[in-house]
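Please consider the model shown below.

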Amino acid sequence: RMPVDLFVTAVLSSGNRIIAMEERRVGAYKAGDKAGYAFAGRIKYWPCRKGVYAPSNWDPALTARSARAPKAGLSLEYVYGYGGLKNTANNLFYNKAEHAVYYAAAVGVVYDRHNHKQHFFHGHDDDIKCLAMHPDTCLVATGQVASTLGPPIVCVWDSRVHPKTGELRGLVAQLPFEGYPSIVALQFSPDGDRLVVITGDVDHTVHVFDWKTADEALGAIGGPGTVTTGEGGPDEPPTPGLITVGKGGKGDSFPHVYGASWNPFGKVDGGGDEEDAAIKHKWSEFVTYGARHVKYWRLFHRDDGTPYYGKKGSPGLPENSRFSPVTSPIDVMSICWMPPRGNETVPGGGSALVAGTRDGGVLLFVTDPTKGLFCTRKLKAHNPGPKIPELSGGGVTLNGVR
């Protein structure tokens, strides 16, 4: 038998009992909580399964000092590499000053090839996935994935370098997309007023904006607003400047939509003064393309005169192009519109475009006011070429015609 005094000592004075009776706190020291810095008991927080203690020579003043940013810092001098492995649309352009504009990770890069110098745009807080150049070749739009700090955003920024400061002119507009995982493709209209934004959700939603109006409605740069589509009822009206929302596609591949391309020859078909607002967008149209599809979005107007893109009578619902009987549906990697000629200048139809495919072929599509968009010919541009990693699935696939 154990003596009573020894039993009492073991129960009340053991190391584990003493530890259990100690004062403890949950969570690490917090910056600015000076009263809490002097705590010297057991600290329970998620990185450790058991409690931890401050060092025996712990000086609370060190915590206050550590809460302040260090005087020394890092500055980005040069970006090596290019985000070309997983991009699905064009993402490298020359701007008006003949500087190359592209991105790597979360940084927009403007490269002055004449002086071998880079300028950086730091408006994103996570990886950039797409880039579009404005027709004025000065403004750039970039879209990113969602970050731990917030939703994915589209930034419109000026790629010109200020002659006095030597820095980029910077952010012009910002569109946040709450509830979406990423932005996968962007494209400006031929006049630069409208911007197509394709998000990386399961429906690969296509948004068409008057982007300046939308930016102003969201509180301008850094405002608290986010893009809304109107699907949330009267309490969430659509963002002003949002012209159309529609489903770009749905499939087991990701992303399903690779990019968008506006018809640069259709905005004033039918004659008249180019500056006449009534006909400026009369034959405005664009296509979205990607995994086994090309979809055709044309401009129409509702009875109240408000515009929308899609097919007649169906806002946000595009026309599916027809591949057969020329070929079976195949992944389309790039699009280029052809200038109209001859009877193709008939208002309301006749535009032609060529599509680069994954197997090295080129398809010719023609638009028709009644038949929509259909393939008329397939040409072999080159051999299938080398294989590249798939965007999903872990396998390899053909690079195709870009």
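Which residues do ring pairs link into a cluster? Ring pairs join Trp 262, Phe 286, Trp 297 and Tyr 309 into a cluster. Rings of Phe, Tyr and Trp (its six-membered ring) pair if their centres lie within 6.5 Å; planes under 30 degrees apart count as stacked, over 60 as edge-to-face and the rest as tilted.

The model is predicted, so local features need pLDDT of at least 70 and side-chain atom pairs count only at pLDDT 80 or more, while totals for chains, interfaces and linings use all residues. Residues are numbered from 1 along each chain as its sequence is written, and side-chain values use heavy atoms, with hydrogens and water left out.

A search of the whole structure finds 12 aromatic pairs. One of them is formed by Tyr 82 and Tyr 102, which is edge-to-face because the ring centres are 6.1 Å apart and the planes stand at 70°. This pair links distant parts of the chain, 20 residues apart: Tyr 82 belongs to the loop between α3 (60–66) and β4 (93–94), and Tyr 102 to strand β5 (residues 100–104). Helices (H or I, at least four residues) and strands (E, at least two) are DSSP runs, numbered from the N terminus. Tyr 82 counts as partly exposed because its relative accessibility is 41%, whereas Tyr 102, at 9%, counts as buried. Buried means under 20% relative accessible area, exposed over 50%, and partly exposed in between (1.4 Å probe, protein chains only).

Phe 188 and Trp 211 also form an edge-to-face pair, because their ring centres lie 6.1 Å apart with the planes at 70°. Here too distant parts of the chain are linked: Phe 188 is in strand β12 (residues 183–188) and Trp 211 in helix α4, 23 residues apart. Phe 188 counts as buried at 3% relative accessibility, and Trp 211 counts as buried at 2%.

Helix α4 (residues 211–217) also contains Glu 216. Is Glu 216 buried or exposed? Glu 216 counts as exposed, because its relative accessibility is 61%. Its C-alpha atom is separated by 8.4 Å from that of Ala 173, 43 residues apart along the chain.

Finally, strands β24 (residues 361–368) and β25 (residues 372–380) run antiparallel and are joined by 8 bridges; two strands pair if DSSP finds at least two bridges between them. Gly 361 has Lys 380 in β25 as its bridge partner, and a hairpin of 3 residues connects β24 to β25.
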